[in-house]
Every structure is written in C-alpha cells, then in structure tokens.
There are 2 protein chains.
Amino acid sequence: MRQAGRSLPEYRAIREKHAFFDVANTPELCATVTLQPVERHDVDAAVMFADIMTPVLGMGVGVELVEGVGPVVAHPIRTRADVDRVRVPDPEEFAPVYEAIRLVRAALRADQAVVGFCGAPFTVASYLVEGRPSRELNETKRLMLAEPDTWAALLDKLAATFTGYVAAQVEAGADAIQLFDSWIGTVSAEQYERHVAPWSARVLGAAHAPTIHFGTGTPHLLEAMAAAGGDVIGLDARVPLDAGWSRVPDRAVQGNLDPAVLLCPWDVVRAGADAVLARAAGRPGHIFNLGHGVLPRTDPEIVTRLAAHVREAGA
Amino acid sequence: MRQAGRSLPEYRAIREKHAFFDVANTPELCATVTLQPVERHDVDAAVMFADIMTPVLGMGVGVELVEGVGPVVAHPIRTRADVDRVRVPDPEEFAPVYEAIRLVRAALRADQAVVGFCGAPFTVASYLVEGRPSRELNETKRLMLAEPDTWAALLDKLAATFTGYVAAQVEAGADAIQLFDSWIGTVSAEQYERHVAPWSARVLGAAHAPTIHFGTGTPHLLEAMAAAGGDVIGLDARVPLDAGWSRVPDRAVQGNLDPAVLLCPWDVVRAGADAVLARAAGRPGHIFNLGHGVLPRTDPEIVTRLAAHVREAGA
C-alpha cells in the first residue's frame, strides 16, 4: 500500500526533523521510513519511499514540495526553449536511491518484495507544465495537442531519465518497478495512444523486472495502458475488480479498495475488503491493494487489521 | 457551451464592478451576462449564469467564491448535527433567478433555448463536506460510506431545495434544465446507485421539462447516470462520442470536444470538432458541445469560429 507511511506517528517523528527530499536522499533515513509500514502492518512488499519528482531534481528544474499542495514548479515548462533547457542526468546522480534499495532489500525477508518507484512520463510532465497540481491538466493537454513536437521532446527527456533510473533500481535489488501515472485518467484513449503510450512503454521496457502499471480514473484506458506495458495493471476503485480484470485478462491486477473506506469503522472496512476479495475469487495474479495511496489521516490500527484480514482470507 | 462568458472582455468588465453572486442575484445583470456569449457566438441556447452553490446560499451555509479556488465553505458539513442545521428554503427565495430567466427568454429568438442551471445533490454535497474543491473527495466518500443515514439526510435537504428550484425555473421560462454533477466521476457505479442516483432522479423528475444530465470523468457511469434520468446525457472528452452514445442508445447526447482543444490554433480546433461531428455521423439527438466548460483563457474568436463551423457542418 503506497504512502502507508504518512499515516504513522513514527514517520511523522522523522519528518518533523527532516524535509521530504532530505529523507528521500539519505539512504538510511529513506530505508527506515520505507520499512516502517512493512514492520508495523506485516505486508508482503515495501514500496520505496520516493516522490514522483525525485529524478526531476536532477534535470535542472526547480521543484518544491509544498505541504498540503504538492509539487510546485517555479518556472513551468511550456515552450520549446523551456524543454531545451531540461537536462538528462546520469542515472548515477540518484545513487542514494539505489543505496536505500540495497538497505531495504537486506532488511527484508526473502519472501517480501521491494517495489521500486517511478513516475510515468505523462504525470511528471503534467506537473512540469502546470506548475502545480491541477484537476483538469488543461495546459498539459494544450501543449500535447498544439505543439506535439515540443511535447514529444519533453517526454523524450523524461523517458531517457526514467529508463536509466528504473534499470539502476532493479540492479540495486528492486524486485519490481511500479510506474505511477496517477493523473492519466484525464486523457482520452486516442490521446493516450498517440501522446503517452510510446514513452510509458519505453520506461516499462527498460526495467528488466516485473512491472506494475498504475493509474487512477482509468476506466476508459485499461486496454490502452496494458498495450503500453505492465505485468500487473493497477485498478482503482472506480471499476469492479472482476470487470476491470476481464478487460486485461492476460495480466495480473493490483487493487482496488477505495482508500476512503479506510476512514470508516472496521465493519465497513472489512465489508469493503471482502467485496474486493469476492470479485478476485481466488484467481491467481491478484495483488490486494487500495485503489490509490493511503490517506494521511487513516488510523494505522485499521491498516494493520486490514492486512491481517486479507492475509487470513488468502491463507 | 457552459461558462463561455468568462472568456469575454464584456463579462470581465461587469465582474470588475460586481461580485459573482451580485451578478447572479440581480436579474438585469444576470440576464446581460447570460446573453453575452449567445450574442457574440450566435449559438442555439443560453445557459443561465449561475453557480452550483446559488441555492445553497439560502440553506444557511456560509459559502464564499474564492477567485482561482472555487467555492469555500467556512464550516464544512460533516456530522449529523451539521446536517440538522441546514435549512430547506422556500423556492421563492430565489426569485431573482427566475426573473433573470424571464428576461433572457424574452430577449432570445423563439428557436433559441434557455437552459436552466442546477447543481446535482452529490456534487453540491461534496463542496459542503470537503469545504473546498478537492480532487478525490475522500471526506465526502467517508461520510457516504461510514454514515449513510447522515449522508441521506443531507441529500434529502439538497434534493428538496433543488426540486423546487428547477420547477420554478421551468415555470419562469427555462426550456430545459441541466443538472451538473461535475465531480461524480470519483465514485464507483455501485456507490452511485446506492448513494447518488435516488436524489439525482428526484431533481431530474421534478423539472417537468427536458433535462440534460451532465458529469465528467464518467466513462464507468454512463448507464447508471442514464438510469437515474436525463433526456440528454452529457459525454465528456474521455469517451469517443459514438462509443459513449452506444451505451445510452435511447437518449440524446451532448458533447464532447475537449475544452483544452480550444486553447490550440484553429486547425487543431477544426480537426477536433470534425472528429466529434464524424462520430455523431448526423444522427439526430446530438447537441454539439464541449466535454466541460469553456476555459477562462480561451480566445473568444476561436469560440465564434467554432460555432460557425459546427452550424455550417450541420446545415
């Protein structure tokens, strides 16, 4: 469960003393916060603590993580000249990430997986173009549709950076790579195929490890996302798990309990989890997860109880 | 095209002198800004100038429209006691809205329609519960799932207010009512059927005029929305028009050019419009429109040209 750490007091205690990117770029701190939810909830995998913008810090773009807002880019990228100024860093510039992966891999049992984290070119580009989180991503779509060559040049640079980044994560010990295309749900399938898929495919193809292809708001994009790649397709809570799975039948799926359910009393959480498990019907290839990240104000006790409940149901 | 006014200098000139709700609640001003885009672009219908929160101002809830943010509620509604304090106003309290409709109806040609505006209970409730625009609506879903009775009580009051509001708009001369469930795309079909549909159906059923049922992010909800009601189903730009229409075959449809396309040069706009028209294939019952509102920074000349192009294509 991604972002499970941010609901934990032990995580908040570390963040009181260290800024987000200081934690992400200090291997011992990064490994510690990555392991916190695994230790507390006894889940099957650790999702590396990182931000979607981590590799962008090496691309010569000023990014600030504003509390309660998200990534803010002081000078949004909207022209060819802006794109031309973006640099493609050497993957070795992200050495602290790989070192953190080594530490996490060494700390886990053999039957627990380390999941490497990478933003998808579209979603990262949307932050760079909008300058701040946006619901509709209209500036992003404008650039994509009005200046497809500029858009392609930007995604070329992001994909070039991310291919090296994911390959190095696998080399350091990541057992799988999850590609986060969190805001892809705003585009049509036609826009996806032309302006998104080639670059997501490039990153997924460079992992040389099993890949999880994640998005939200994607009921109209499941087939297109699967065509771009991913051994596992993420399903968010908008689609019934079985209905979503039937549209990508040759893949594994991950999902798809609504994160808002975890804000509810236990009987609602249990009923929600049981409904997901019933739709999975024991079919091999289902990774139980939320449809999106754990919300900060989630009660950690509920998450622990949920993990135990799902483990029991699968036993 | 909803919100076509906000890209116009003549609208901005009025807004420099008058706050949003002053314009909405002064019949002459409201009629003037409603007619501005119709006069400039020569379109077939006027969408009444109003905010989704207009009727909420009579419900004893403090709402402020913050520029660049949206509706902000100082004391979000999250408990049964909060809901109990909400009052159901007499529809006559919104008399300025009906007077504006009379003025607009009198100013238009007989072949031009007046479209009344009403927020859907879910989307209005989401603003009241979240307190401000939110992408994921997690507090709204928490209330809906953890306290279904409190949620139902809130939607009862909203639906009671809106049924009188839409009926009075039709009595004043509105030729159709558009129900805006702008953020409904965040819920699953199962959540929709249980926690949304009954109240949307109540409002749509009270209009006694043709209704347009609008939402965004709804590729997984089209059948459920149609079951709740609406002579016309709004399609946003995520679904190809013909594919969306084939799922609600007994209804008319409205849509679905991506509003971001209107930020592009004319050849991109024309190609986008032609693609929508090709998918409609001249089938009766298609209302050409954008998938969502006109963006504020859209060039009004482009909108005029688009309206002329669509008119010509349909001639």
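Two strands count as paired here if DSSP finds at least two bridges between them, and strands (E, at least two residues) and helices (H or I, at least four) are DSSP runs numbered from the N terminus. This is a predicted model in which local features need pLDDT of at least 70 and side-chain atom pairs count only at pLDDT 80 or more, while totals for chains, interfaces and linings use all residues. Residues are numbered from 1 along each chain as its sequence is written, chains are lettered from A and ligands numbered from 1 in the order in which they are written, and side-chain values use heavy atoms, with hydrogens and water left out.

**View 1. Strands 7 and 8 of chain B run side by side.** Have a look at strand 7 (residues 232-234) and strand 8 (residues 252-257) of chain B, which run parallel and are joined by three bridges. To find your place, pick B:Val232: its bridge partner in strand 8 of chain B is B:Ala252.

**View 2. The open sheet of chain B.** Stepping back, we meet an open sheet of seven strands in chain B, with parallel pairing and the order 1-4-5-6-7-8-9. Which strands form the edges? They are strand 1 (45-47) and strand 9 (286-290) of chain B, each pairing on one side only. From one strand to the next, the twist averages 25°, with axes taken as lines fitted to C-alpha atoms (for helices over the stretch in contact) and angles running from 0 to 180 degrees between N-to-C directions.

View 3. Strand 5 (residues 176-181) of chain B is mostly covered, with six of its six residues buried; buried means under 20% relative accessible area, exposed over 50% and partly exposed in between (1.4 Å probe, protein chains only). B:Ala176, B:Gln178 and B:Phe180 point one way, B:Ile177, B:Leu179 and B:Asp181 the other way, and all are buried. Strand 4 (residues 113-119) of chain B pairs with strand 5 of chain B in the parallel sense over five bridges, and B:Phe117 has B:Gln178 as its bridge partner.

**View 4. Strand 6 of chain A, covered on both faces.** How many residues of strand 6 (residues 211-215) of chain A are buried? Five of its five are: A:Thr211, A:His213 and A:Gly215 on one side, and A:Ile212 and A:Phe214 on the other. Strand 5 (residues 176-181) of chain A pairs with strand 6 of chain A in the parallel sense over five bridges, among them the one in which A:Asp181 has A:Gly215 as its partner. Strand 7 (residues 232-234) of chain A runs parallel to strand 6 of chain A and is joined to it by two bridges, with A:Ile212 opposite A:Val232.

**View 5. Helix 14 of chain B and its cap.** Helix 14 (residues 300-314) of chain B has 15 residues and reaches 21 Å from its first C-alpha to its last, close to the 21 Å expected at 1.5 Å a residue; that expected span is 1.5 Å times one less than the number of residues. B:Asp299 caps the N-terminal end, with a side-chain oxygen 2.9 Å from the backbone nitrogen of B:Glu301. Among the buried residues of helix 14 of chain B are B:Ile302, B:Val303 and B:Leu306. What covers the buried residues of this helix includes helix 1 (9-17), helix 3 (27-41) and helix 13 (266-280) of chain B, along with strand 8 and strand 9 of chain B.

**View 6. B:Tyr127, in touch with both chains.** B:Tyr127 lies in helix 6 (residues 121-130) of chain B and is buried, with a relative accessible area of 9%. Not counting residues up to four places away in sequence, B:Tyr127 touches A:Arg135 as well as several residues of chain B, including B:Ile52, B:Met53 and B:Trp183; contact means heavy atoms within 4.5 Å. The C-alpha atoms of B:Tyr127 and B:Val72 are separated by 7.5 Å, although these residues are 55 apart along the chain.

**View 7. A:Arg142 in helix 7 of chain A.** A:Arg142 has its place in helix 7 (residues 138-146) of chain A. Is A:Arg142 buried or exposed? A:Arg142 is buried, with a relative accessible area of 12%. Outside its sequence neighbours up to four places away, A:Arg142 touches A:Arg78 and A:Glu147, together with B:Ala260, B:Leu263, B:Cys264 and B:Arg297.

Methods. Polar contact = N/O pair within 3.5 Å; in protein donor to acceptor, adjacent residues only side chain to side chain.
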